[in-house]
Each structure stands twice: as C-alpha cells, then as structure tokens.
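Hi,

Here is the model I promised to pass on. Have a look at it first, and my notes on what turned up follow below.

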Number of protein chains: 2
Amino acid sequence: MASLNQRVPSYLKAIAPYQPGKPIADIARAYGFQEDQVVKLASNENPLGMSPKGREAMLEAAADLGRYPDGNGFALKQALSKKFGLDPATITLGNGSNDILELVAHAFLAPGKESLMSDHSFAVYALASQAVGATIVSVPAKPDDLGHDLQGFKQRITEKTSVVWIANPNNPTGSFISAAELEAFIAELPATVLVVLDEAYTEYLSEQDSYPAFEWARRYPNLLVSRSFSKAYGLAGLRVGYGVASAEVTDLLNRVRQPFNVNSLALAAASASLFDDEFLTRSAALNRQGMEQIQKGIQALGVGWLESWGNFLLIDLRAVQPDQPQAGQKVYEALLSKGVITRPVANYGLAGFLRVSIGTFDENQSFLKAMPFALEMLRGSTDSGSSLAPASSTASVSSKTAAVRA
Amino acid sequence: MASLNQRVPSYLKAIAPYQPGKPIADIARAYGFQEDQVVKLASNENPLGMSPKGREAMLEAAADLGRYPDGNGFALKQALSKKFGLDPATITLGNGSNDILELVAHAFLAPGKESLMSDHSFAVYALASQAVGATIVSVPAKPDDLGHDLQGFKQRITEKTSVVWIANPNNPTGSFISAAELEAFIAELPATVLVVLDEAYTEYLSEQDSYPAFEWARRYPNLLVSRSFSKAYGLAGLRVGYGVASAEVTDLLNRVRQPFNVNSLALAAASASLFDDEFLTRSAALNRQGMEQIQKGIQALGVGWLESWGNFLLIDLRAVQPDQPQAGQKVYEALLSKGVITRPVANYGLAGFLRVSIGTFDENQSFLKAMPFALEMLRGSTDSGSSLAPASSTASVSSKTAAVRA
C-alpha cells in the first residue's frame with residue numbers, strides 16, 4: 001500500500017468518514033441493555049417507522065428480488081410525476097438523497113472549484129466536496145439562529161464557486177429561511193453556480209411556511225431540489241431519495257449515477273408512500289406534539305434551545321457549565337449510560353450543543369427523565385486538561401473543514 | 001444550463017449511460033404480452049430468485065425500516081469473517097459490487113491516470129473510469145476465447161497505469177483465466193498498480209477451477225477482490241456486494257463510501273444467504289444443466305458459442321449471415337417479438353454475438369423454441385444502408401471506448 005498510497009491524492013487521505021448515529025444494537029452490546037430498553041433519538045428518523053401503504057407495496061415487490069431493479073425507476077418517476085406534476089426527465093433517483101448530493105459533487109465539483117456551505121450544515125456536503133478535491137468555503141452562521149447567512153454567501157461567491165449547498169430547514173440547527181428571502185437569493189446567483197436546495201425535512205413545514213420549490217426548479221436552470229424518503233416517509237432503512245432539476249442537469253447526473261443505485265423494495269415502497277397522506281399527516285402531527293413536549297420538559301430544567309422547523313431540536317448547553325467546552329459530548333455520554341441515544345454535534349462546530357430527534361411520547365419521556373442526571377453530570381464536570389478553546393467561542397465559529405476533520 | 005454546462009468537464013458529457021437488460025414490465029408493455037408470458041434471460045440473474053434463508057432474514061429485518069441501516073455493516077462483516085476467515089478491517093461493503101468498482105475509480109483514478117481493461121469486459125469498468133476522467137486503455141482480446149490477454153496487459157503497463165480490471169470468469173465472454181496464470185500476473189505487477197479482480201461469477205466455478213483469491217488479497221497489497229450477491233445468491237434486486245483488500249486500501253475506500261450505502265434488508269439477506277449452502281449448490285447444479293441444455297439446443301440449430309465458466313453463454317452468430325454486421329441486434333429483436341429477452345452486446349464490441357443467461361429448464365426451452373424464427377429473420381436480413389463495418393471485423397476489434405459510446 002505504501003507504493004499505492006503515494007498515488008492517492010492527499011485530499012482523499014484527509015477525509016474522516018461520516019460518524020452516524022449509534023445503532024441501538026451497538027449501545028445495547030456496549031452497555032448491557034436489552035435492545036428494547038434503548039431509545040434512539042439520534043438520526044432524525046420517523047418514530048412511527050414506515051408508511052403502511054409503503055410496507056404493503058414493499059412486501060408485494062419482495063416476491064421478485066432475484067431480478068435487478070428497474071434501473072430507470074419508471075414507476076417511481078411516474079408516481080412523483082403524478083403527485084407533484086413533475087416531468088420525469090427532470091427527476092434523478094438516488095440511494096437516499098445522500099446519493100443525489102454525491103452525484104452533484106461528482107458532476108459539478110473538482111480540484112480548483114469552490115463549494116460553498118454554512119458553518120453548521122449537513123456533514124455530507126463537506127465530505128462529498130472533499131472527496132472530489134474541491135475547496136470548501138464555509139460561511140459563518142447567523143449569530144441568532146446559527147443558520148444560513150445568505151448575505152454572507154453572496155459575498156463569498158467567486159469565479160470559482162460551482163456549488164452552493166442550502167438546507168431548508170437546516171440540519172443540525174433546525175433553522176429556516178423564508179420563501180421570499182430564499183427565492184431572491186437563488187434569482188440573484190450567477191447562472192454558472194448550481195444551488196442545491198436540500199429539503200430533507202420539508203414535509204415537517206406548516207402550510208404557511210411551505211413554498212413551491214419544484215416550480216423554482218423549472219424557473220431557475222441552476223437549481224437542484226433534493227428530497228428524501230428517510231425522514232417523514234420513514235424509509236431510512238431502504239435508502240431512497242430524489243433530485244429535481246432541469247432536464248440538462250438531470251441528464252448529466254444520470255451519466256454519473258450507478259445503473260442500479262436504488263433497490264427494488266425502495267422503489268416500490270417509495271412509490272406507494274407518496275400517496276399515504278394519512279401517514280404523513282399523522283407523522284407531522286406527532287412531531288409537533290413531541291416538539292412541544294420536549295421543549296416544555298427542558299424549559300422546566302432551565303435549559304435553552306434553538307427554534308426548529310425540523311423533526312429534531314438543538315439544545316443549547318453552553319450556559320449550564322461554562323467551564324466545560326465539550327458540554328454536548330458530556331450530556332450525550334451520560335444519556336447513553338441511561339440507554340438514550342442522542343447526537344453530539346462537535347463535528348458540526350457545535351460542541352456546546354446536543355441534537356435530539358423528536359420521538360414518540362414515550363421515547364421523549366425517556367429522554368426527559370434521563371436529562372436531570374445528564375445535566376448533573378455536566379455541571380460536575382470541567383475541562384480536564386483538554387487543549388480546546390472555551391465552548392462559547394468554539395461552538396459557533398469553528399470552521400466546516402475543522403469540524404469535518406474533528 | 002448553458003452557463004453551468006461550460007463548467008462541466010467534457011469527459012462527463014461524453015458518457016453514455018449503462019444500458020441495462022430490459023425489464024420484463026417494459027417488454028410486456030411494448031409488445032402487449034402479459035408479464036408472465038415474458039422470459040428474461042438478459043441480466044445473468046439467478047432463475048431461482050433469492051435464497052430461502054436470505055428471504056427469512058430479510059422479512060425479519062423488515063420490521064424496522066424507519067431506522068437507518070448500520071452504516072458499518074457490523075453483522076454482514078461478521079458473517080463474511082466467519083464464512084471466509086476474513087479480517088473485517090479488509091472488507092468494504094457496497095450497494096452491489098458495482099459500488100465497489102466505483103469506489104475504486106474514485107479513490108485510485110483521475111485525469112492523467114490510465115485504467116487498463118480487456119476489449120470485451122464489463123461496461124462499468126469503462127463508465128466508472130470515464131466518470132473520473134481517467135484514460136481508458138483497452139487491451140485487444142485473445143483471438144480464441146475473446147478473453148483477457150494477460151501478456152497484452154503487461155505490455156501496456158506504463159508509469160501512468162493506476163488500475164487494472166480483470167473479471168474471472170469474464171462477462172460477457174464467459175472466458176476464464178487459470179489460477180496459476182492469474183496469480184503469476186498479479187505477482188509481477190508493479191506495486192503502484194491496483195488490480196481489481198472481479199469475481200461476480202465465482203460461485204459457478206467447479207471445485208477444480210476454484211482458487212484462493214482471499215489468500216491472494218492478504219499476500220498482495222495491491223489486489224482488491226470484488227464479489228457480488230446479485231448472481232448465484234440471487235439478491236440482484238436488493239443491491240449488495242463487497243470488496244476484500246488490504247486494511248489500508250479498505251480504509252481509503254471507506255472514506256469515499258456513502259455512509260449508508262447498503263440498505264438494511266440487503267445487509268440482513270446477505271448475512272443469512274452466505275450460509276445457505278444448499279441453495280448455492282442447487283443454483284450451480286441448475287446452471288450446469290441449463291448450460292448443457294442450451295448448448296445442445298443451439299448446436300442442433302447449427303450455431304456456435306464460446307465456452308463459458310459463468311451463468312450465461314455468448315452465442316456466435318457471425319457465420320449465420322455474414323452480410324449482417326448487427327447480427328446480435330437482429331436476433332435480439334426477433335426474440336423480443338416472441339417474448340424472450342436476451343442481451344445484444346454490440347456495446348461490448350461484439351455486434352456479431354448474443355448473450356443469453358441460463359434460466360430454468362422452461363425458460364431455456366422458451367428461448368430455444370424462439371431461436372429458429374430469430375435465425376430465419378437474421379438469415380433474411382442484410383446490412384441495409386448502415387455505415388458500419390462488416391461484422392467479422394467489428395465484432396472482435398472495436399475498442400472499449402468506441403463500444404461504450406456506441
């Protein structure tokens with residue numbers, strides 16, 4: 001490998017793989033719990049699981065798994081077309097929306113090109129950009145909501161900017177950009193810059209906050225809208241997402257797409273889930289109730305949070321123990337010992353915060369019940385010889401590249 | 001897009017997407033058949049479908065699809081480790097072995113690097129190489145079996161050669177390289193060249209032809225062995241494969257791998273299928289019987305073929321109608337009209353041939369029953385104004401790049 005290694009570009013060797021939320025089985029093994037004693041609020045999944053209509057269609061498709069999937073995803077594209085009035089030629093199907101993000105990086109980024117993203121945004125934007133050798137330009141977050149500063153984005157557009165990544169709502173901050181502000185930003189961008197509008201959490205928006213992103217994709221040839229079936233539709237385990245863009249961008253993405261990137265069961269389940277409005281409504285309602293439940297609970301504990309438009313909440317621990325720069329990690333570890341998996345977000349430049357997904361009523365209660373213990377552990381801890389800067393400064397200003405390598 | 005387009009490298013725009021075997025549903029739609037009237041012998045799938053043990057494990061895992069898959073594939077790596085004595089740190093899991101091939105291209109190829117492959121080899125080697133801008137060097141096939149000419153490979157190794165792709169058995173020719181010849185070739189290669197040994201069809205080899213590829217992967221740090229669950233294991237619809245290489249190469253591939261590239265059901269089904277020896281034995285036996293059945297049948301029709309070590313047969317149509325340079329396409333179309341899907345291989349530089357997968361006894365009979373009509377259509381056809389060169393010359397000498405763009 002020494003000899004092989006010298007041929008590998010240094011930007012690849014510098015990649016630290018994505019750190020997923022811990023699987024329940026891992027934590028049960030490590031802490032000696034039964035699997036059903038463990039509560040996972042770590043990966044923004046739908047606590048109701050998958051849509052019943054999706055499950056039914058999946059089991060029907062399970063009869064024929066010896067065959068390759070339909071590489072063109074005819075039925076799912078037809079379903080998306082029927083549901084949203086989309087031209088199938090503008091749809092790219094992905095092995096999760098993660099796959100769509102990677103296809104964009106492969107097609108539009110390369111060494112010498114710049115990839116623009118907010119300080120605290122989904123780790124895969126940076127990973128996918130780094131994997132193709134592009135230069136990551138991280139835009140400092142807005143101080144109030146730690147979300148996208150679109151003025152800051154504009155100021156950093158250069159001749160080399162090729163892709164701009166915007167998640168709305170944003171993960172892990174939960175922040176939201178209004179339709180008017182977002183469209184004005186897209187409309188003003190140079191035509192040579194592709195905007196990826198990542199709408200993984202869009203199904204959780206109220207009707208009032210919703211906006212016609214697919215209409216924008218028709219209007220702006222440099223806009224790609226990405227959507228996921230892993231969140232509100234509850235198909236995270238099956239892997240399926242999609243991108244909507246101009247036919248030209250779509251054609252290009254399909255050239256770099258793996259021929260059978262989406263499996264047969266995901267195709268079937270997604271096609272049916274699209275029309276399970278009852279399930280989607282029920283999932284969004286459960287999320288609203290759970291969001292309120294968790295906010296009330298942590299408010300009673302004297303802890304703050306950032307307002308969230310997603311199915312998760314970013315809890316602000318900076319004031320609980322100002323001498324502890326790794327507050328999120330400390331609370332995360334204490335909760336783990338109680339069988340509750342949440343997500344520390346130091347790798348997002350947010351070491352003073354903890355992200356918790358909204359679960360069922362009972363899951364949320366387990367989290368809230370374990371929190372007093374975790375906060376006690378945090379209050380009793382101090383920075384023991386760590387060389388890290390104080391939480392209050394690292395939390396919101398550490399750069400994306402540093403975060404990804406942490 | 002015009003403005004975006006100018007930023008996209010020309011090698012991406014030149015890619016012609018992979019042409020998969022036609023799905024049964026498409027043909028039924030186009031020709032007005034019922035789906036159960038159509039026979040598909042086009043994608044080298046297992047006609048028995050998936051392993052019963054795999055199905056059972058899959059249905060059990062289907063209870064929890066709202067959760068993300070285990071991104072590290074702990075259980076499947078443990079199963080592979082138990083089955084083959086592999087160190088889990090040497091295993092990369094892929095969304096089909098196609099994914100493994102793409103990861104190799106992303107990590108080890110780039111503009112200015114050379115990617116070496118045989119004239120008639122799996123289309124994805126060229127597609128994945130082209131997608132990262134590498135130079136494709138196509139090695140003329142051996143005249144006898146149209147398979148890999150390893151002497152020819154050696155002569156084309158340069159300072160720029162980064163990846164050498166060898167499939168054994170080879171698709172679409174069915175040819176096979178003996179263990180001794182193959183290991184000698186690998187041992188002599190410069191340490192800076194990564195060999196990808198694609199063993200998608202290895203489960204169809206007789207015990208006598210088998211060789212210890214995983215031992216080689218331990219011995220040669222520049223060897224990656226790729227395996228698939230899509231062929232003998234019958235899991236094509238679920239998408240799962242794996243690569244075995246040094247821990248260092250594996251670490252690098254995992255840096256460019258999508259965090260949740262393999263879905264939960266594929267992980268579960270593959271883990272269980274590995275231990276379904278009865279199913280694998282039955283599948284290989286059915287293949288041997290079917291191979292004999294088809295060979296006898298086409299011999300009776302006076303048509304030749306290339307000896308095959310896989311689960312498919314490359315039928316040589318060049319002598320049937322020498323004036324028809326697109327013999328494979330003509331027979332393919334005639335068979336389609338009878339509801340039998342096979343695979344024309346002009347895009348592999350083999351316009352005078354037709355690839356047929358080995359199916360069940362009844363499926364093979366349907367194919368053989370339709371062949372006299374198809375051959376009659378071929379005999380009655382001539383090159384009508386096409387500008388293509390005669391079949392006898394294009395069939396075995398057209399270059400890989402030309403083939404992929406065809």
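A:Asn44 sits in the loop that runs between strand E1 (39–40) and helix H4 (52–61) of chain A; helices (H or I, at least four residues) and strands (E, at least two) are DSSP runs, numbered from the N terminus. A:Asn44 is not a glycine, yet its phi is positive, at about 55°. Most residues other than glycine have a negative phi, and most peptide bonds are trans. A:Asn44 counts as buried because its relative accessibility is 0%; buried means under 20% relative accessible area, exposed over 50%, and partly exposed in between (1.4 Å probe, protein chains only). In chain B, B:Asn44 has a positive phi of about 55° too, and B:Asn44 lies in the loop between strand E1 (39–40) and helix H4 (52–61) of chain B. B:Asn44 also counts as buried, with 0% relative accessibility.

Before you go further: this is a predicted model, in which local features need pLDDT of at least 70 and side-chain atom pairs count only at pLDDT 80 or more, while totals for chains, interfaces and linings use all residues. Residues are numbered from 1 along each chain as its sequence is written, chains are lettered from A and ligands numbered from 1 in the order in which they are written, and side-chain values use heavy atoms, with hydrogens and water left out.

Next, the cis peptides. One joins A:Asn168 and A:Pro169, with omega about -5°. A:Pro169 belongs to the loop between strand E5 (161–167) and helix H9 (179–188) of chain A. In chain B, the bond from B:Asn171 to B:Pro172 is cis, with omega near 10°, and B:Pro172 is in the loop between strand E5 (161–167) and helix H9 (179–188) of chain B.

On to the domains. Chain A is assigned domain 1 (4–37 + 279–405) and domain 2 (52–276); the bounds come from an automatic or database domain assignment. The centres of the two domains of chain A, taken over C-alpha atoms, are 25 Å apart. Their contact (heavy atoms within 4.5 Å) takes 35 residues from domain 1 of chain A and 37 residues from domain 2 of chain A.

Between them, these domains of chain A bury about 2900 Å², 65% of it on carbon and sulfur atoms. Buried area here is the accessible area (1.4 Å probe) that two parts lose on being put together, summed over both. How many salt bridges are there between domain 1 and domain 2 of chain A? The count is 0, a salt bridge being a side-chain nitrogen of Lys or Arg within 4 Å of a carboxyl oxygen of Asp or Glu. There are 8 residue pairs in polar contact between the two domains of chain A (both at pLDDT 80 or more). A polar contact is a pair of N or O atoms within 3.5 Å; within protein, one must be able to donate a hydrogen and the other to accept it, and residues adjacent in sequence count only if both atoms are side-chain atoms.

Elements giving two or more residues to the domain 1 side of that contact in chain A include helix H13 (277–300), strand E10 (312–316) and helix H16 (391–397). H13(A) gives the most, with 6 residues. By class, the domain 1 side in chain A has 20 nonpolar, 10 polar and 5 charged residues; Ala, Val, Leu, Ile, Met, Phe, Trp, Tyr, Cys and Pro count as nonpolar, Asp, Glu, Lys and Arg as charged, and the others, Gly among them, as polar.

Then there is the interface of the chains. Here 78 residues of chain B are in contact with 79 residues of chain A, and the area buried between chain B and chain A is about 6400 Å², with carbon and sulfur atoms giving 57%. The interface of chain B and chain A has 4 salt bridges. A:Glu363 forms a salt bridge with B:Arg67, their closest N and O atoms being 3.7 Å apart. Polar contacts between chain B and chain A come to 39 residue pairs (both at pLDDT 80 or more).

Last, a spot in chain A. A:Val320 is in the loop between E10 and helix H14 (327–337) of chain A, and counts as buried because its relative accessibility is 17%. Leaving aside neighbours within four places in sequence, A:Val320 is in contact with A:Val303, A:Leu375, A:Leu378 and A:Arg379. Just after H14(A), A:Gly339 takes a positive phi of about 80°.

Cheers
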